[in-house]
Amino acid sequence: MLLGYTITQWLFGILSFLSIMFGLMVVFSRNPVNSVLYLVLTFFCIAGHYLLLNAQFLAVVHIVVYAGAIMVLFLFVIMLMDLNHDNEPQKTWLTKIIAGIAGGMLLCVLVGSLKGSEQLGISQYGSSQIGMVKNLGKVLFSEFLFPFEIASILLLAALVGSIMIGKKEIK
Amino acid sequence: MKGLLIISGLGILAMLAEIFKFKKLLFPMVLLGIVAAYAFNFMEWKTGMSIPYFDNMIGFDKLAIAFSGIIIATAFFWFILANDYFEEETSLVDHFALVLFALVGALMLTSFKNMTTLFLGVEIMSIPLYVLAASKKKDIKSNEAGFKYLIMGSFASGFLLFGIALIYGATGSFDLMQIRSFISEHGADMPLFFYVGVVFMLIAMCFKVSAAPFHFWAPDVYQGSPTLITALMSTVVKTAAFAAFMRLFMVGFAEISSVWTGILAGVVALSLIIANFSAAMQNNVKRILAYSSISHAAFMLMVILANVRSNLSVNALIYYSLAYSLGSIAAFGIVYNVTKKGNENVDAFNGLAKRNPSLALCMAVAMLSLAGIPITSGFFAKYFVFTAMIGTQYKWLLIIAVLTSAVGVYYYLRVVIAMYFKKQDTHEPIAIERSNIIVIVLTTAATIAIGIVPGIVAEMFEF
């Protein structure tokens, strides 16, 4: 107990602050490589949140897939295509204002809708242990078997598609 | 369900064709497989039982079977139409596999019972289409179409997922029926973020059916994609998206219809006005058909808006989907053959009546059907929508619909006038495959047939 808050609450506060700050840095930094690196940090903070929510599997997958594989891909693309310049195209004031209003409205809707949800006393659904690898596996292979299997069609389609786009046309 | 499995198997078989060298056999095999899928689908309709599969993840009730039937039949016609297109392509096998996978997604959308199946269905249907839209790699327009579709589609998927997450947060379930019973139990005490979730899902679905103001991708994607892929988008994809829309909002969220009908009414009004007036200003036939598909989407949304929980609205939507799919297949089949030279403007049709009278006649019938002129099925499609709408509080939409339909007649008839009254630039006869002729004539005949006896389709549902 520190200043009346438990350690979990402290961790939650720190992680939330860091993830929002790094998220803002992703948008505000002018150099694409910096943006990507901040994105990695954001992902780590979110993985921390998953751990706090007792979802170990999700946290590990998040780090391995997002912070690992996808971010490396991003960096590769930026470096290979030599996008590492600060020459972001200037947007007009009108676009900036419209984008600001649209984003702000979405934020208002989301904050407004989530505000006050804690008084509703929605009971906790499911078990709190669902995030463990063992339980997740059980659910995935019993209740969610069909989505799990049909996802293979999705991956197959994506694979075939990427090969088709990338393949050289033989005439 | 068997149809879904057969088509998934066909997609995988198509990929094996490259390895085991039976590319020549692939086309008849796919056609045969689609016929088999249709037959099994029909048999499930005859038994009339709705068995949920896999812990109620997916289930083929009568509604799902009817929509699946339309989708499979359209896909059959589409494959015959695409016969020579596939021969030209070097990556034939990939095309086959992608189209079949898109069909799997479409069938899942007709029959989902769970939000996870809905999301996977949307993705399985969309991802092959992003690639197919960009499949003319040397054509910058096609690249643009694929890229635009991918970016906008991913955005819509984001909204869909966020909506599902919020609804899960409020109700604690992904299951459509459980969500429905949760809503009817708790009534007015649903948290605010639940309604935001519903609106997010509405936005995502409106994007998928290309209703204004979420339609900006449609004209560019329809124009840039290869014509036959556009045909696939405006028939199979549209029907599947509407089947999903209908199930989601008329089954899942029917109890809170006061939340979403107001927004939907606005969407319908905007779609009708924007689509018809923009179409009247276009010169490119594919763009005209794209805007026309937006205005047809508005009509189909009206059925969902009317929300008459009886066989009336179900029949109206099924009839509309069928009439629109048939008309579109015929129209795009002809556009594909006429615009092979590269000119996609209305003047490509100049004097078609002299160059190929039967083709011109079929195009005229297709255009009249899309415009909704009597004896073609398009008229009854609109008529059923109006009868569903007349009992609701949104009668003002009918006035907009009738007025904008009048604008619609103008741009559909522009093509007809070009065919019959404009001088032709060339006397070259149009080279057209026999298989294409068969499809075009069959779909045109069907358009007139179900227009003369609409009862065959419109009285399918008797609850």
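Q: What share of the contacts in chain A between residues at least 6 apart in sequence joins residues at least 24 apart?
A: In this predicted model, 56% of the contacts in chain A between residues at least 6 apart in sequence join residues at least 24 apart.

Q: What makes up the secondary structure of chain A?
A: Chain A has six helices and zero strands. From the N terminus on, its elements run α-α-α-α-α-α. Of the 171 residues of chain A, 11% count as buried, the criterion being 20 or more other C-beta atoms within 10 Å.

Q: Into which domains is chain A divided, and how many residues of domain 1 are in contact with domain 2?
A: The assignment gives domain 1 (1-86) and domain 2 (128-171) of chain A. Their C-alpha centres lie 24 Å apart. Six residues of domain 1 of chain A are in contact with five residues of domain 2 of chain A. The side of domain 1 that touches domain 2 consists of four nonpolar, two polar and no charged residues.

Q: How many residues of chain A are in contact with chain B, and which element of chain A gives the largest share of that side?
A: The contacts involve 28 residues of chain A and 29 residues of chain B. On the chain A side, α4 (93-114) and α6 (145-166) are the elements that give two or more residues. The largest share, 15 residues, comes from α6(A). By class, this side of chain A has 21 nonpolar, four polar and three charged residues.

Q: How do you know whether the span of helix α2 of chain A is close to the one expected at 1.5 Å a residue?
A: The expected span is 1.5 Å times one less than the number of residues. Helix α2 (residues 32-52) of chain A has 21 residues, with an expected span of 30 Å. From its first C-alpha to its last, α2(A) reaches 31 Å, and the value is thus close to the expected one. After α2(A) comes A:Asn54, whose phi is positive, near 65°.

Q: Which residues of α2(A) are buried, and against which helices do the buried residues pack?
A: The buried residues are A:Val36, A:Thr42, A:Phe43, A:Ile46, A:Ala47 and A:Gly48. They pack against α1 (7-28) and α3 (56-80) of chain A.

Q: Why is B:Tyr411 called buried?
A: The cut-off is 20 or more other C-beta atoms within 10 Å. B:Tyr411 has 23 C-beta neighbours inside 10 Å and therefore counts as buried. Its place is in helix α18 (residues 395-421) of chain B. Leaving aside neighbours within four places in sequence, B:Tyr411 is in contact with B:Ala279, B:Ala280 and B:Ile288. The C-alpha atoms of B:Tyr411 and B:Ser278, 133 residues apart along the chain, are separated by 10.0 Å.

Q: Which residues have the most contacts inside the largest nonpolar core, and which helix gives the most to this core?
A: The largest nonpolar core has 190 residues, and those with the most contacts inside it are B:Leu301, B:Met302, B:Tyr319, B:Tyr320, B:Met363 and B:Met367. Helix α14 (residues 311-338) of chain B gives the most to this core, with 18 residues. Another core, of five residues, lies apart from it, with A:Phe43, A:Ile46, A:Ala47 and A:Ala55 among its members.

Q: Which residues does B:Tyr320 touch, not counting those up to four places away in sequence?
A: B:Tyr320 touches B:Phe299, B:Met300, B:Val303, B:Ala381, B:Phe384 and B:Val385.

Methods. Residues are numbered from 1 along each chain as its sequence is written. Chains are lettered from A and ligands numbered from 1 in the order in which they are written. This is a predicted model: local features need pLDDT of at least 70, side-chain atom pairs count only at pLDDT 80 or more; totals for chains, interfaces and linings use all residues. Domain bounds come from an automatic or database domain assignment. Two residues are in contact if their C-beta atoms, placed from the backbone, lie within 7 Å. Ala, Val, Leu, Ile, Met, Phe, Trp, Tyr, Cys and Pro count as nonpolar, Asp, Glu, Lys and Arg as charged, and the others, Gly among them, as polar. Helices (H or I, at least four residues) and strands (E, at least two) are DSSP runs, numbered from the N terminus. A residue is buried if 20 or more other C-beta atoms lie within 10 Å of its own, exposed if 12 or fewer, and partly exposed in between; C-beta atoms are placed from the backbone. A nonpolar core is a set of buried Ala, Val, Leu, Ile, Met, Phe, Trp, Tyr and Cys residues joined through C-beta atoms within 7 Å.
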